[in-house]
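Please keep the sequence and the structure in view while reading.

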Amino acid sequence: MTEKSGDSSPLMAALAFYVRERDTAAAQARKQLGVNELDAKALAYVGAHPGVRPSELAGHLGVTSAGITTMVERLVRRGILRREFDAADRRVNHIHLVVDLEKEPWSQLARFDTACRQIIGHLDPQVEANLADFLTHTTAAARDQARRIDPRAADGAESSVA
């Protein structure tokens, strides 16, 4: 920030632009696929953790077991997820993706991040390391400051950083 501008800097403007555009791209993809934000987060988690138990998914997303049951049932009916019963305990089920998140149309959910990864791949490694260090430290400092003001303000902040 500069003293003249007082409230903004080119870096803050660029970060705000990035966040807005990423959010817009994600919202457009979810709308086209007919899923909400929580569904998309669930799909990403199940994709990274095939066979996850509903209780683990509920804990990750911060929703009730009833909420997960409803979500999973809806996504199973749509052919997006499937449940498999545990061979040792039929009361337990495991959740798997039916769709491939890396193929169309589902790859839309990560298209913005995929494009960013490709661009980052062309950066000088030291520039990338410096940017990563700056963003990591800045985010941690801002989160800590928000917690001092209101301990609930930063709840879940760690889980949303990817």
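**Overall fold**

Among contacts in the protein between residues at least 6 apart in sequence, 46% join residues at least 24 apart, a contact being heavy atoms within 4.5 Å. This is a predicted model, in which local features need pLDDT of at least 70 and side-chain atom pairs count only at pLDDT 80 or more, while totals for chains, interfaces and linings use all residues. Residues are numbered from 1 along each chain as its sequence is written, and side-chain values use heavy atoms, with hydrogens and water left out.

- The protein has seven helices and two strands, which follow the order α-α-α-α-β-β-α-α-α from the N terminus; helices (H or I, at least four residues) and strands (E, at least two) are DSSP runs, numbered from the N terminus.
- Of the 162 residues in the protein, 21% are buried, where buried means under 20% relative accessible area, exposed over 50%, and partly exposed in between (1.4 Å probe, protein chains only).
- The protein exposes about 11,500 Å², of which carbon and sulfur atoms supply 56%; accessible areas come from the Shrake-Rupley method with a 1.4 Å probe, and for residues only the protein chains shown count as cover.

**Packing of α2 and α4**

- Helix α2 (residues 37-48) packs with helix α4 (residues 65-77) at an angle of about 80°, their axes being 11 Å apart; axes are lines fitted to C-alpha atoms, for helices over the stretch in contact, and angles run from 0 to 180 degrees between N-to-C directions.
- The two helices α2 and α4 are therefore roughly perpendicular to each other, a label given to angles of 65 to 115 degrees, whereas those under 35 count as roughly parallel, those over 145 as roughly antiparallel and the rest as oblique.
- On the α2 side the contact is made by L38, D39, A42 and L43, and on the α4 side by M71, R74 and L75.

**Salt bridges**

- The structure holds ten salt bridges, each defined as a side-chain nitrogen of Lys or Arg within 4 Å of a carboxyl oxygen of Asp or Glu.
- R74 forms a salt bridge with D39, with the closest N and O atoms 2.8 Å apart, and this pair links distant parts of the chain, since R74 is in helix α4 and D39 in helix α2, 35 residues apart.
- Within that pair, D39 is buried, with a relative accessible area of 1%, whereas R74 is partly exposed at 27%.
- E73 and R83 meet through their side chains in a salt bridge (2.3 Å, N to O), which joins helix α4 to strand β1 (residues 81-85).
- E73, R77 and R83 are linked in a network of salt bridges.
- A further salt bridge pairs the side chains of D144 and R147 (3.9 Å, N to O); being three residues apart in helix α6, D144 and R147 are separated by about one helical turn.

**Single residues**

- Q108, in the loop between β2 (93-97) and α5 (111-120), counts as buried at 14% relative accessibility.
- Leaving aside its neighbours within four places in sequence, Q108 is in contact with A29, Q32 and L33.
- N93 lies in strand β2 and counts as buried at 16% relative accessibility.
- Beyond its neighbours within four places in sequence, N93 is in contact with residues including V52, R53, P54 and F85.
- V127, which has its place in helix α6 (residues 125-149), counts as partly exposed at 38% relative accessibility.
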